[in-house]
Amino acid sequence: MTATIIDGKAFAARVREQVAEHVTRLKTDHDLKPGLAVVLVGEDPASQVYVRSKGKMTVEVGMNSVEHKLDADTSEADLLSLIDQLNNDPEIHGILVQLPLPKHLDEDLVINSVAPEKDVDGFHISNVGLLGTGQKSMVPCTPLGCLMMLRDHHGSLSGMDAVVIGRSNIVGKPMAQLLLGDSCTVTIAHSRTKDLADVVRRADIVVAAVGRPEMVPGDWIKPGATVIDVGINRIERDGKNKLVGDADFDSCAAVAGAITPVPGGVGPMTIACLLANTVTACCRANGLAEPEGLTA
Ligand code: NAD
């Protein structure tokens, strides 16, 4: 069997188009323009790249993009005061604090100081609780992107066996909640799981979110299963720098029914879902119908 390659780049472009259409409707029908504020503390080069590309794409879909770049030694009080100001700004519908933060700042405190309805990253404890109890929430972008791709590929996920490898708060746990919400039978595997190969072999859906290059070989995959590879790992191969996922792509693609590549799979969906969450937040803040297909 040769797997269908799920093209995350093309899918993300479609999501951004849908967001842009909704932004246009909000402008024409309600004179509203969704606004996303991104806060970056310090000069981490990877974070700077992410923030730039988030800002660029926010503007491309017709939304307002506001960037706040703060010095690495910014005090917690100053950061919280900026967040408070953004929480109370009616032009701002989404707030994202770029992680990781410098060590002297309490990440949990900062995340939980963002107003839950503007928390487009879905990391606020209220959103975590709402998702866990199956209520309307802001959903973390990466797992939301994975869910969208799975729904698009399969239609209904009801009754499918899903294994999520990784239990982080930003990917593994919310992914498992979303799959449960779509009536999958969900197993969360992690670093202490016994006989991971055996657990993975039972799955119709495998979501790998570990951060270990090519750790899932094809002989762990049930024939026809769908592999969603969240991992982004930089390796040296044949003297070249290369990005690979957590799945060994060639051997998995030979057995799976469908697989996301790295790069070009889950990655591009993350920013697209951030934009989707911002337009959703704007609609909710104004008591308007949410865009269909852009939420969980
Ligand atoms: P994390 O380090 O917070 O969590 C990794 C998880 O993997 C842990 O829960 C751990 O228990 C589990 N794990 C570690 N070793 C294992 C093993 N040998 N067997 C089974 N499980 C094991 O990582 P994260 O933030 O969840 O990110 C995971 C990967 O996804 C990373 O490569 C990261 O770069 C990538 N990522 C990609 C996107 C995207 O947009 N595509 C977004 C977020 C994270």
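Domain bounds, as used in this report, come from an automatic or database domain assignment. For this protein chain the assignment gives domain 1, covering residues 31-115, and domain 2, covering residues 141-268. The centres of domain 1 and domain 2, taken over C-alpha atoms, are separated by 29 Å.

The structure is a predicted model, in which local features need pLDDT of at least 70 and side-chain atom pairs count only at pLDDT 80 or more, while totals for chains, interfaces and linings use all residues. Residues are numbered from 1 along each chain as its sequence is written, and side-chain values use heavy atoms, with hydrogens and water left out.

**Strands and crossovers**

Helices (H or I, at least four residues) and strands (E, at least two) are DSSP runs that are numbered from the N terminus, and two strands are said to pair if DSSP finds at least two bridges between them. Strands of a sheet pair through backbone hydrogen bonds, either parallel or antiparallel.

Strand S2 (residues 35-41) and strand S3 (residues 64-70) run parallel and are joined by 7 bridges; within this pair, Ala37 has Val66 of S3 as its bridge partner. A crossover is called right-handed if, with the strands pointing away from the viewer, the path from the first strand over the helix to the second runs clockwise.

An open sheet is formed by 6 strands in the order S1-S11-S8-S7-S5-S6, with parallel pairing. Strand S1 (4-5) and strand S6 (185-189) stand at the edges with a single partner strand each, so one side of each is left without a neighbour in the sheet. Strand S5 (residues 161-165) pairs with S6 in the parallel sense over 5 bridges; Asp161 has Thr185 of S6 as its bridge partner, and Ala162 stands opposite Val186 in S6. From S5 the chain crosses through helix H7 (residues 172-181) to S6, and this β-α-β crossover is right-handed.

**Backbone details in the loops**

The peptide bond from Leu99 to Pro100 is cis, with omega near 0 degrees, and Pro100 is found in the loop between strand S4 (94-97) and helix H4 (107-111). Val262 and Pro263 are likewise joined by a cis peptide bond, with omega about 0 degrees; Pro263 lies in the loop between strand S11 (258-259) and H10.

Asp195, a residue other than glycine, has a positive phi near 45 degrees and is found in the loop between S6 and helix H8 (196-201). Glu214 is not a glycine either, yet its phi is positive at about 55 degrees, and Glu214 lies in the loop between strand S7 (205-208) and strand S8 (226-229).

**The surroundings of the ligand**

Of the 22 residues around the ligand, Arg167, Ser168, His190, Ile232 and Thr270 come nearest. The shell divides into 10 nonpolar, 10 polar and 2 charged residues, where Ala, Val, Leu, Ile, Met, Phe, Trp, Tyr, Cys and Pro count as nonpolar, Asp, Glu, Lys and Arg as charged, and the others, Gly among them, as polar. Helix H10 (residues 266-285) gives the most to this shell, with 3 residues.

The table lists polar contacts, each of which is a pair of N or O atoms within 3.5 Å.

| Residue | Atom facing an oxygen atom of the ligand | Distance |
|---|---|---|
| Ser168 | N or O atom in the side chain | 2.5 Å |
| Thr270 | N or O atom in the side chain | 2.7 Å |
| Val230 | polar backbone atom | 3.5 Å |

Taken alone the ligand exposes 850 Å², of which the protein buries 71%; accessible areas come from the Shrake-Rupley method with a 1.4 Å probe.

Key: A residue is near a molecule or strand if one of its heavy atoms lies within 4 Å of it. A polar contact is a pair of N or O atoms within 3.5 Å; within protein, one must be able to donate a hydrogen and the other to accept it, and residues adjacent in sequence count only if both atoms are side-chain atoms.
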